[in-house]
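Reader: Could you walk me through the contacts in this model? I have the sequence and coordinates open.

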Amino acid sequence: LEDYLENGQSSQTVRTEPKISVIASPYTGIAGDIRKAPDEGFASGVIGDGAFVELTGPDIVAPADGTVSFVFDTRHALGFKTIDGISLLLHVGIDTVALKGEGFDVRVKEGELVKKGDLLMRVDLNYIRQHAPSLASPIVCTELDEDSQVRLLRSGPVKAGDDLLQIQIGK
């Protein structure tokens, strides 16, 4: 009580409920745990936690309402920030940076506000299949703190727009 009267605050720690966000799959295909991605950088978690989807459909859509943070010059990946503040990397295929933009038709620009399900990119699946090692496409949470948890909601067949990840921020 003395702390409160002197400082206008309680000396007790205020507990807040963890914030939970659901991220939809930006891809149609076969979903799996990021730890099983066919790329060591993604599978090791060094880039972040998340999932990957082996593409079977050409459309890449917004996984939530948010903003396109950046578009790689080689158009093989996008940065995305949800309205909840979760930073994501949407990376199409494995080692696709080497394609130098061939096979990728990006439909958005950096800073653009989008709604969940809006078309971000269309890819030429046949071209990527022929010129890249894999169509496995990671979706990675890149800036979570150590108290955050990522849970895969679905593995196996998934359609773009289906719930894929649950993100819990805080304990």
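Author: What follows covers salt bridges, nonpolar cores, an aromatic pair and some strand pairing. This is a predicted model, in which local features need pLDDT of at least 70, side-chain atom pairs count only at pLDDT 80 or more, and totals for chains, interfaces and linings use all residues. Residues are numbered from 1 along each chain as its sequence is written, and side-chain values use heavy atoms, with hydrogens and water left out.

Reader: Salt bridges to begin with. How many does a search of the whole structure find?

Author: The search finds six. A salt bridge here is a side-chain nitrogen of Lys or Arg within 4 Å of a carboxyl oxygen of Asp or Glu.

Reader: What does Asp49 pair with?

Author: Asp49 forms a salt bridge with Arg35, with the closest N and O atoms 3.5 Å apart. That pair links distant parts of the chain, 14 residues apart: Asp49 is in strand S3 (residues 49-55), and Arg35 is in the loop between strand S2 (29-33) and helix H2 (40-43). Helices (H or I, at least four residues) and strands (E, at least two) are DSSP runs, numbered from the N terminus.

Reader: And which residue is bridged to Arg35 at 2.8 Å?

Author: Asp33; 2.8 Å separates the closest N and O atoms of that pair.

Reader: Is Arg35 buried or exposed?

Author: Arg35 is exposed, at 52% relative accessible area. Asp33 is partly exposed at 26%, and Asp49 is partly exposed at 21%. The cut-offs are under 20% relative accessible area for buried, over 50% for exposed, and partly exposed in between (1.4 Å probe, protein chains only).

Reader: What about Asp59, what is its salt-bridge partner?

Author: Arg122, and the closest N and O atoms are 2.5 Å apart. Asp59 lies in strand S4 (residues 59-61) and Arg122 in strand S10 (residues 119-123), so this pair ties together parts 63 residues apart in sequence. Asp59 is partly exposed at 26%, as is Arg122 at 32%.

Reader: Changing topic. Which residues touch the most other members of the largest nonpolar core?

Author: Val92, Leu120, Met121, Val123 and Ile139, out of 35 residues in that core. A nonpolar core is a set of buried Ala, Val, Leu, Ile, Met, Phe, Trp, Tyr and Cys residues joined through side-chain atoms within 4.5 Å. Elements giving two or more residues to this core include S3, S10, helix H3 (125-131) and strand S11 (136-141). Another core, of nine residues, lies apart from it, and among its members are Phe42, Phe52, Ile94 and Val140.

Reader: What is Leu120 in contact with, leaving aside neighbours within four places in sequence?

Author: Its contacts (heavy atoms within 4.5 Å) include Ile60, Val61, Leu78, Leu90, Val106 and Val114.

Reader: Aromatics next. How many pairs does the whole-structure search find?

Author: One. The ring centres of Phe70 and Phe72 are 5.3 Å apart and the planes are at 75°, so the pair is edge-to-face. Rings of Phe, Tyr and Trp (its six-membered ring) pair if their centres lie within 6.5 Å; planes under 30 degrees apart are stacked, over 60 edge-to-face, and the rest tilted. Phe70 is partly exposed at 34%, and Phe72 is partly exposed at 34%.

Reader: Last one: in which sense do S2 and S3 pair?

Author: Antiparallel, over five bridges. Strands pair if DSSP finds at least two bridges between them. Gly32 stands opposite Phe52 in S3. S2 also runs antiparallel to strand S13 (residues 156-158), joined by three bridges, and Gly29 has Val158 as its bridge partner there.
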